[in-house]
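Here is a model to read term by term.

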Amino acid sequence: MVDLRRVFTWLAATLLLAACAGKAPAPVVAEPSVDALVAEAAQALRAGRHDAALPRYEAALERAPGRLDAMEGRALALLAAGRVDEARSGFEAVIAQAPTRWRALDGMGRLADRTGDYATAQQWYERALSAPGVDAVVWNNYGWSRVLARDYSRAEKLLAQALQ
């Protein structure tokens, strides 16, 4: 009959000696893909954490320099961080390549609102609203832009449209 305690003791001692005899290989840390970086950055930006989004967008752009969603997201994160000139350059680069990206157009409207140029903001928002796949956030931002411009009747209509 086999003594199980002796077998387990021998097995444990063998494994322990094997572990001590050589170094274990260093764990391989896989770098996240560009898609993963952009997804993490977008999630951080939606959560209001532009400080976490920005380095992820920048890392994605190091690997895929012309990727529009990363360029656009980086510009949005820069805008949220108050880095207006860099955000403007980012939005302009996106719009130069894809003139109907509603997020970039909306971003340009928000930039114009920050400087009090409500007429220019209105033009950007109108372009954003005519872009494919536009989101209700544009209606909302345009409505608040009209509030800032003291055009309350137009603001009311736009904000009601955002609710629909």
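Predicted model: local features only at pLDDT ≥ 70, side-chain atom pairs only at ≥ 80, totals over all residues.

Residues are numbered from 1 along each chain as its sequence is written, and side-chain values use heavy atoms, with hydrogens and water left out.

Q: What makes up the secondary structure of the protein?
A: It has nine helices and zero strands. From the N terminus the order is α-α-α-α-α-α-α-α-α. Helices (H or I, at least four residues) and strands (E, at least two) are DSSP runs, numbered from the N terminus.

Q: How many of the residues in the protein are buried, as a percentage?
A: The share is 32% of the 164 residues. Buried means under 20% relative accessible area, exposed over 50%, and partly exposed in between (1.4 Å probe, protein chains only).

Q: What is the accessible surface of the protein, and which part belongs to carbon and sulfur atoms?
A: The surface comes to about 10300 Å², and 57% of that belongs to carbon and sulfur atoms. Areas come from the Shrake-Rupley method with a 1.4 Å probe; for residues, only the protein chains shown count as cover.

Q: What share of the contacts with a separation of 6 or more links residues 24 or more positions apart?
A: Such pairs account for 43% of those contacts. Contact means heavy atoms within 4.5 Å.

Q: Why are α7 and α8 called roughly antiparallel?
A: The axes of α7 (residues 118-129) and α8 come within 10 Å and cross at roughly 165 degrees. That makes α7 roughly antiparallel to α8. The classes are: under 35 degrees roughly parallel, over 145 roughly antiparallel, 65 to 115 roughly perpendicular, the rest oblique. Axes are lines fitted to C-alpha atoms, for helices over the stretch in contact, and angles run from 0 to 180 degrees between N-to-C directions.

Q: Which residues make the contact of α7 with α8, and how do they divide by class?
A: On α7 they include Y118, A121, Q122 and Y125. On α8 they include W139, Y142, S145 and R146. The contact divides into nine nonpolar, three polar and two charged residues. Ala, Val, Leu, Ile, Met, Phe, Trp, Tyr, Cys and Pro count as nonpolar, Asp, Glu, Lys and Arg as charged, and the others, Gly among them, as polar.

Q: What makes α8 roughly antiparallel to α9?
A: Their axes come within 8 Å and cross at roughly 165 degrees. α8 is therefore roughly antiparallel to α9. The contact is made by residues including W139, W144 and R146 of α8 and Y152, R154 and L158 of α9. By class it has 10 nonpolar, three polar and two charged residues.

Q: Why are α4 and α6 called roughly parallel?
A: Helix α4 (residues 68-80) and α6 pack at an angle of about 20 degrees, with their axes 10 Å apart. They are therefore roughly parallel to each other. E72, L76 and L79 of α4 meet R103, A104, G107, R110, L111 and R114 of α6. The contact has four nonpolar, one polar and four charged residues.

Q: How do you know that R146 is buried?
A: R146 is in helix α8. Its relative accessibility is 6%, so R146 counts as buried. Beyond residues up to four places away in sequence, R146 touches Y118, Q122, D151, R154, A155 and L158.

Q: Why does S145 count as buried?
A: S145 has 0% relative accessibility, so the label applies. This α8 residue touches D113, Y118, A121 and Y125, not counting residues up to four places away in sequence.

Q: What makes L105 buried?
A: L105 sits in α6 (residues 102-114). Its relative accessibility is 1%, so L105 counts as buried.

Q: Why is R150 called exposed?
A: R150 lies in the loop between α8 (136-148) and α9 (152-163). Its relative accessible area is 64%, so R150 is exposed. Its phi is near 65 degrees, a positive value in a residue other than glycine.
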